[in-house]
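Welcome, and please take a moment to look over the model below. The paragraphs after it will lead you through it, from the whole chain to single residues.

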Amino acid sequence: MTELELERVRGLARSALAALEANRRRIDDLNVYPVPDGDTGTNLMLTGRAIVEALEASSAAGRSALAKETTRAALMGARGNSGVIFSRIVRGAAEALAEAGEVDGAVLARAFRNASDAAYRAVRKPVEGTMLTVIRELADEAEGRSAEPVTELLAALVRRGEQAVDRTPEQLAVLREAGVVDAGGAGLVEIVRGICAGVTGEPVPEAPPATHDLTVDAIHLHRSRYRYCTVFVVEGEELDPDAIEAALERLGDSLLVVGDPTALKVHVHTDEPGAALSVGAAAGAINRVEIANMHDQTVERETRLREAVPETEAEPAAVEVVAVVVGDGNRRLFESLGAGLLVEGGETMSPATTELVAAIEASAAPEVLLLPNNGNLLSAEQAAGLAGKPVRVIPSRSIQSGLAAMVAFDPTLGAWENATTMRAVLQAVATGEVTVASRDVELSGLAIEKGAYLGLAGGEAVAGGADFALVASAVAERLLAEPRG
């Protein structure tokens, strides 16, 4: 490979990166899948930047060596879910191009098909309506136009990519409900647009306004079930991606483990980043560790978009409820009763005070009612004191009591009236639950064996045993034994 050829490759990579940089914010704003953390454009841009930096420093003597350097840079620099998938697209394309002579339409078609296959192999459960769909449609288009000149082929790929992105809401419900297209697919089209501009010598087109196609439906979205986006590299010899993937599967979702026997990139959404890193450390040496709090990112995205996208559909309510919940079912219940902002958390994973403050500040209402729904009322009181607007804490100590308080919530009333009514409801509520004992324990004179059902009424152990119906009945009897006001 001559220096002129290497510089040509560098120029194409720079052009692709320039397209990503110009559209980064717009793509971030579109990001609602797999979680609305608003970083897809940033992650693709940083992954592209790692590739450009490697090419700038390269002195590869041939295409094969250059392909290895490029794929290594993409793997090591991959950021987030989109960046990791993009790194596989780069690898598939680079391997096909390394084996070719002159790059014509047929070679490009093989490169796009190889890239598509590599991307699909990287994802355990491929989902259509994502960047996977877009790269597959690009491969289909390239194969159908492989006899055309390269410049015409690339221009056709940009058009097909735009059409594929426009169709993603038809294929993925979360996009349709939010009224947006897939962010990863949109980013992939910008990469191809940048390469096309580099080949033709034209400037990279200016990006449209960041929020040009967003509505309020794209702003108010559920947060990830898990809190931390955890990414790291494992290096070693004869690494087993299947074994690492199996160990990580129980810790979270959005799991990707890609690479080769000497280096693997791991991406997982989890509440236990330390446990995920331990899995990697058991297999080899870990580095390039990145842990991001997706819940904070979601609030930051929502706050930013609230300022940029006018909510003309309705005037802000006089008061809004911020509630701490755990589980999709509970989220739907609280939303159906009028809760406006939800923070992930429960008895064993109470949210940090900063998360509560961020949710309060994200509310457009002048006053907020805060339902902690667990025993940690201190964090709720601290958040109320730190917030920049009036906050009334409703002392709900469980999901059940929080739901009872929400039944009394009336959005037409002010904060003081609602707080008075909801607190009165809590005084008349008795809560019970049936759980499974995680260890042998003695509570309130009851000996409960590990794995047995444990019945609680008002936080006090009232029954235990192997028969769920008997334990549940004992809890119900205790709750009904005392009249409630």
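**A walk through the chain**

The chain has 18 helices and 13 strands; helices (H or I, at least four residues) and strands (E, at least two) are DSSP runs, numbered from the N terminus. What you see is a predicted model, in which local features need pLDDT of at least 70 and side-chain atom pairs count only at pLDDT 80 or more, while totals for chains, interfaces and linings use all residues. Residues are numbered from 1 along each chain as its sequence is written, and side-chain values use heavy atoms, with hydrogens and water left out.

Let us begin with the overall picture. Along the principal axes, the C-alpha atoms fill a box of roughly 85 × 55 × 35 Å. Of the 485 residues, 49% count as buried; buried means under 20% relative accessible area, exposed over 50%, and partly exposed in between (1.4 Å probe, protein chains only). The chain exposes about 21,700 Å², and carbon and sulfur atoms supply 52% of that area. Accessible areas come from the Shrake-Rupley method with a 1.4 Å probe, and for residues only the protein chains shown count as cover. Among the contacts with a separation of 6 or more, 65% are between residues 24 or more positions apart, where contact means heavy atoms within 4.5 Å.

Now find helix 1, where R10 lies. With a relative accessible area of 8%, R10 is buried. Beyond its neighbours within four places in sequence, R10 is in contact with E3, L55, E56 and S58. The loop between helix 1 (3–30) and helix 2 (40–57) holds P34, and the peptide bond leading from Y33 to P34 is cis, with omega near 0°. Most residues other than glycine have a negative phi, and most peptide bonds are trans.

Next comes a pair of helices. Two packed helices are described by the angle between their axes and the distance between the axes. Helix 3 (residues 63–77) and helix 4 (residues 80–98) have axes 9 Å apart and pack at an angle of about 180°. Axes are lines fitted to C-alpha atoms, for helices over the stretch in contact, and angles run from 0 to 180 degrees between N-to-C directions. Helix 3 and helix 4 are therefore roughly antiparallel to each other (angles under 35 degrees count as roughly parallel, over 145 as roughly antiparallel, 65 to 115 as roughly perpendicular and the rest as oblique). Where they meet, the residues of helix 3 include R63, A67 and L75, and those of helix 4 include S87, R91 and A98.

R91 also takes us onward: D260 touches R91 and L239, not counting residues up to four places away in sequence. D260 lies in strand 2 (residues 252–260), and at 24% relative accessibility D260 counts as partly exposed. D260 and D240 are 20 residues apart in sequence, yet their C-alpha atoms are 8.8 Å apart in space.

Which residues have a positive phi without being glycine? One is E238, with phi near 50°, in the loop between strand 1 (228–235) and helix 10 (241–249). At 75% relative accessibility, E238 counts as exposed. Another is R288, whose phi is about 50°; R288 sits in strand 4 and, at 45% relative accessibility, counts as partly exposed.

Strand 4 (residues 285–293) also contains I286, which is partly exposed at 31% relative accessibility. I286, V289 and I291 form a nonpolar surface patch with about 220 Å² of accessible area together. Patches are made of residues with over 30% relative accessible area and no salt bridge, joining like charges within 9 Å and nonpolar side chains (Val, Leu, Ile, Met, Phe, Trp, Tyr) within 5 Å; a salt bridge is a side-chain nitrogen of Lys or Arg within 4 Å of a carboxyl oxygen of Asp or Glu.
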